[in-house]
Amino acid sequence: MLVSAKLQEVYPTLNKARRRIADCILAEPEQFAFLSLQDLADKSDCAQLTVLHFLRDLGYKNFLDFKQQIQTELIEKLKIHERISIAMPTDNGDEALYARLVKSFHRSIDLTIADNPLEKLLAFTGRLIQSQRVYVVAHNITEKPARILTSHLIVEGCDARYLEVENEDEVKALLSYIPTKSVLVAYGITPYGKSTLHVCELAKQQGVPILSVTDRKDSPLAEAAEVALTCHVRSTELFNSLTPLMMLTEMLMIFISKKQLA
């Protein structure tokens, strides 16, 4: 449920302090893609603990969880030029923008590397090489690295197929082929593609193991997977970057080639 919808649903039951918090969020939700817990507390004239208790009662684990939900909603709702105007105001100049982007990309790569040690990459690639058939599914910007991985697997002699999800009967038929010796690689980041999630559900029903490349350890794709690689794709708060996805995909390709040579 959208943050605004949650707030409007519970609004009649709120006390004065919680109504002030709700009013602040409802008035300008996009600003909380960037502000801190202290900022929200100051704007609503409430203690930080009051704000945290309120957000937890709404179902958010913490302020960061709430903030990420706001960011996701803005990505879904706003066009890219509108997001640019919010995330990267032009009045700071090109140098400030450049420095912010460099810092954001460095952080994204560093966090992605920290989340995916060698053991996890080897477990992922080992599972691919052991499988008689590899299916790959993705959506939106994740489609590009997913198709690159599929093409590389084919070049390396693997029976790999990118799933075109429009034909559900065909997808079911493919997944039913030696399911215990197949594996599904699912790429997906917020907002998670319904078609990708549906294919994962079909794979589970057929007994096909799942590997995932996703953006959060608690994402539905990570929870469904035997091995999940996690990418920190949120660049400058309101953009999903391909950079960490492509980096992990290239790492997988190199280890796949190395294992095939062995």
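Predicted model: local features only at pLDDT ≥ 70, side-chain atom pairs only at ≥ 80, totals over all residues.
Me: Where does α4 run, and which of its residues are buried?
Reply: Helix α4 covers residues 48-57, and V51, L52, F54 and L55 are buried in it. Helices (H or I, at least four residues) and strands (E, at least two) are DSSP runs, numbered from the N terminus, while buried means under 20% relative accessible area, exposed over 50%, and partly exposed in between, with a 1.4 Å probe and protein chains only.

Me: Why do they line one face of the helix?
Reply: Seen down the axis of α4, the buried residues fall within an arc of 165 degrees, so they line one face of the helix; the arc is that of the directions from the helix axis to the C-beta atoms. On the other side of α4, L49 and D57 are exposed.

Me: What do the buried ones pack against?
Reply: The buried residues of α4 pack against α1 (3-10), α2 (16-27), α3 (37-44) and α5, where contact means heavy atoms within 4.5 Å.

Me: Changing topic, how many residues line the second largest pocket?
Reply: The lining of the second largest pocket has 18 residues, and Q69, T72, T190, Y192 and R216 lie nearest its centre. On a 1 Å grid over the protein atoms alone, a pocket is an open set of points where a 1.4 Å probe fits, with protein on both sides within 12 Å along at least five of seven lines, whereas in a cavity the probe cannot get out; lining residues have an atom within 4 Å of a point.

Me: Which helix gives the most to that lining?
Reply: Helix α5 (residues 63-77) gives the most to the lining of the second largest pocket, with six residues.

Me: And how do the lining residues divide?
Reply: They divide into six nonpolar, six polar and six charged; Ala, Val, Leu, Ile, Met, Phe, Trp, Tyr, Cys and Pro count as nonpolar, Asp, Glu, Lys and Arg as charged, and the others, Gly among them, as polar.

Me: How many disulfides are there?
Reply: The structure holds zero disulfides, a disulfide being a pair of cysteine sulfur atoms within 2.5 Å. For C46, the nearest cysteine sulfur is that of C24, 7.9 Å away, and for C158 it is that of C200, 20 Å away.

Me: Are those two, C46 and C158, buried or exposed?
Reply: C46 is buried, with a relative accessible area of 13%, and C158 also counts as buried, at 16% relative accessibility.

Me: What about V199, where does that lie?
Reply: V199 lies in helix α11 and is buried, with a relative accessible area of 2%. Leaving aside neighbours within four places in sequence, V199 is in contact with V137, L163, V165, V171, L175 and L184.

Me: And which residues does L202 contact?
Reply: L202, which lies in helix α11 (residues 194-206), is in contact with E168, V171, K172 and L175, again leaving aside neighbours within four places in sequence. At 5% relative accessibility, L202 counts as buried.

Notes
Residues numbered from 1 in each chain as written. Heavy atoms only, no water.
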